[in-house]
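I opened a notebook on this structure. These entries record what I looked up, in order.

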Amino acid sequence: MITRPIQACHKSLLFVCSIIVSMNTIFCYCATARATVRITSIGHAGFLIETKGRRILCDPWFNPAYFASWIPFPSNEHLDKRHIGDITHLYISHLHRDHFDPVFLRQYVTKDATVILPAYPLPHLEEELRRLGFSSFLHTRNDELVDIGQ
């Protein structure tokens with residue numbers, strides 16, 4: 001386990017976080033925000049971010065893709081998929097099957113989650129997620145902060 005303070009600057013706000021790295025999870029306490037953020041790697045580009053009653057799942061991938069020529073690395077088959085799918089928010093960066101896993105999304109992710117959509121000019125990602133049963137969407141715009149609530 002590694003513990004170290006870091007400084008991070010966002011625009012004019014300077015804050016100090018204490019970070020603990022343990023296995024595949026990062027714990028961060030930000031003194032100015034008085035909040036703990038837990039970031040867990042779930043393999044490849046996937047992360048589960050937990051803070052202030054929010055669970056944000058980003059780019060989950062569990063099932064082989066493209067005729068099984070692509071497989072999740074590092075292996076994440078030991079993870080509790082039901083726990084990972086119990087979220088408040090979902091973020092999928094794009095439709096490549098190593099970021100958008102329709103089998104996992106259909107079987108394990110709660111459809112009550114709000115989907116945070118990237119600012120794309122075409123609606124393909126939203127259409128695919130609607131086909132899987134998602135109905136709540138938060139459309140973002142490039143370079144604009146999004147408030148997902150307290």
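Entry one, aromatic pairs. I counted rings of Phe, Tyr and Trp (its six-membered ring) as a pair if their centres lie within 6.5 Å; planes under 30 degrees apart count as stacked, over 60 as edge-to-face and the rest as tilted. By this rule I get three aromatic pairs. The ring centres of tyrosine 66 and tryptophan 70 are 4.6 Å apart with the planes at 70°, so I noted this pair as edge-to-face. Phenylalanine 104 and tyrosine 108 make a stacked pair, with 5.6 Å from centre to centre and 25° between the planes.

A note on the source. The model is predicted, so I kept its limits in mind: local features need pLDDT of at least 70, side-chain atom pairs count only at pLDDT 80 or more, and totals for chains, interfaces and linings use all residues. Residues are numbered from 1 along each chain as its sequence is written, and side-chain values use heavy atoms, with hydrogens and water left out.

Entry two, where these rings sit. I took helices (H or I, at least four residues) and strands (E, at least two) as DSSP runs, numbered from the N terminus. Phenylalanine 104 and tyrosine 108 are four residues apart in helix α2 (residues 102-108), which puts about one helical turn between them. I also found Phe62, Phe104 and Tyr108 in one aromatic cluster.

For exposure I used relative accessible area: buried is under 20%, exposed over 50%, partly exposed in between (1.4 Å probe, protein chains only). Phenylalanine 104 is buried at 1%, while tyrosine 108 is partly exposed at 24%. Tyrosine 66 is partly exposed at 36%, and tryptophan 70 is partly exposed at 38%.

I required a side-chain nitrogen of Lys or Arg within 4 Å of a carboxyl oxygen of Asp or Glu. The whole structure gave me four salt bridges. In one of them, arginine 38 pairs with glutamate 50, the closest N and O atoms being 3.5 Å apart. This pair links distant parts of the chain, from strand β4 (residues 35-41) to strand β5 (residues 47-51). Glutamate 50 also bridges to arginine 55, with the closest N and O atoms 2.5 Å apart. I therefore logged Arg38, Glu50 and Arg55 as a network of salt bridges.

Which of these residues are buried, and which partly exposed? Glutamate 50 is buried at 17% and arginine 55 is buried at 14%, but arginine 38 is partly exposed at 37%.

Last entry, the whole chain. I counted three helices and nine strands.
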